[in-house]
Amino acid sequence: MSASPEAAPDARSRILDAAAEAFMVTGFANTTIDDIADVLGATKGLVYYHFRSKFDIFLAVYEEAMRRVRDRVEPHATRTGSGKDRLVAMSVAHLLNLMEDLAFHHIVHQAVRGEVSTALKTRQRDALVALNQLRRDYEQLFHGVVVAGVDDGSLRAVDPSLATRTLLSSLNAVDMWYRKVEGQTAAEVDDLARRVVALLVGGLAA
């Protein structure tokens with residue numbers, strides 16, 4: 001016998017992709033489970049098989065967004081090279097992840113801006129607190145490399161905390177205007193990311 005659709009290994013992943021898209025288009029408050037099921041092309045029973053509530057789906061999307069971006073960026077934080085070189089590599093990786101997983105980045109930003117206010121159960125509140133800490137830990141990756149760049153002279157003697165938050169805010173703001181154009185190649189996306197980073201990190205370079 002074949003496995004049921006609910007038990008399919010990729011069902012949960014497909015739900016997260018559909019939910020991220022729905023939350024990005026209509027916002028958390030205006031999105032329903034039916035909307036997510038429509039994007040998924042399945043019944044809402046499949047969604048409820050994996051998640052108890054819309055907010056639980058939001059938390060799962062948030063967690064997946066942080067996992068994807070950290071997996072892509074973290075290796076560059078500890079590689080060899082100057083602080084500036086590592087900061088450039090991290091920033092490019094961050095932007096490429098944003099451009100490829102645009103909907104997931106929107107979810108993180110909705111959480112940061114407090115656009116998901118709802119009556120939370122204790123477990124949900126605790127999960128949100130833990131995810132916000134993951135985001136702060138991610139910011140610390142950049143902060144540490146900025147400090148290293150100031151120390152090795154590849155970056156100007158800037159306030160590391162201010163520089164880190166300004167850089168990440170500017171990188172994340174790309175999601176306000178970037179939309180992948182039909183036919184746009186991976187090489188073109190990579191080139192765009194590098195040009196944006198050159199403008200932003202250039203202002204910090206010694």
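Good morning. I begin with a pair of helices: the axes of H1 and H2 come within 8 Å of each other and cross at roughly 115°. That crossing is right-handed. By class, the contact between H1 and H2 comprises eight nonpolar residues, two charged residues and no polar ones. Please bear in mind throughout that this is a predicted model.

Which residues form this contact between H1 and H2? On the H1 side they are Arg14, Ile15, Ala18, Ala19, Glu21, Ala22 and Phe23, and they meet Ile36, Val39 and Leu40 of H2. In general, an α-helix has 3.6 residues a turn, so residues three or four places apart point the same way.

Let me now stay with H1. Helix H1 covers residues 11–26, and its end C-alpha atoms lie 22 Å apart. That agrees with expectation, because 16 residues at 1.5 Å a residue should span 22 Å. Several residues of H1 are buried, namely Ala11, Ile15, Leu16, Ala18, Ala19, Ala20, Ala22 and Phe23. What covers them? The cover includes helix H2 (33–40), helix H3 (44–50), helix H4 (54–77) and helix H6 (102–112). Just after H1 comes glycine 27, which takes a positive phi of about 85°.

I turn next to an annotation. An unreviewed UniProt entry places the feature "DNA-binding region" at residues 32–51. In the model, the span of residues 32–51 is 75% helix and 0% strand, and its end C-alpha atoms are 13 Å apart.

Now to the chain as a whole. It contains nine helices and zero strands. The C-alpha atoms fill a box of roughly 60 × 45 × 35 Å along the principal axes. Of the 206 residues, 45% count as buried. Among contacts in the chain with a separation of 6 or more, 73% are accounted for by residues 24 or more positions apart.

Alanine 157 sits in the loop between helix H7 (122–152) and helix H8 (160–172). Is alanine 157 buried or exposed? Its relative accessible area is 77%, and the cut-off for exposed is over 50%, so alanine 157 counts as exposed.

Thank you for your attention.

Conventions: Residues numbered from 1 in each chain as written. Predicted model: local features only at pLDDT ≥ 70, side-chain atom pairs only at ≥ 80, totals over all residues. Heavy atoms only, no water. Helix = DSSP H or I, 4+ residues; strand = E, 2+ residues; numbered from the N terminus. Expected span 1.5 Å × (residues − 1). Buried < 20%, exposed > 50% of the residue type's maximum accessible area, 1.4 Å probe, protein only. Contact = heavy atoms within 4.5 Å. UniProt positions renumbered as here; feature names shortened; annotations may be inferred. Axes fitted to C-alpha atoms, helices over the stretch in contact; angles between N-to-C directions. Left-handed = near helix turned anticlockwise from the far one by under 90°. Nonpolar A, V, L, I, M, F, W, Y, C, P; charged D, E, K, R; others polar.
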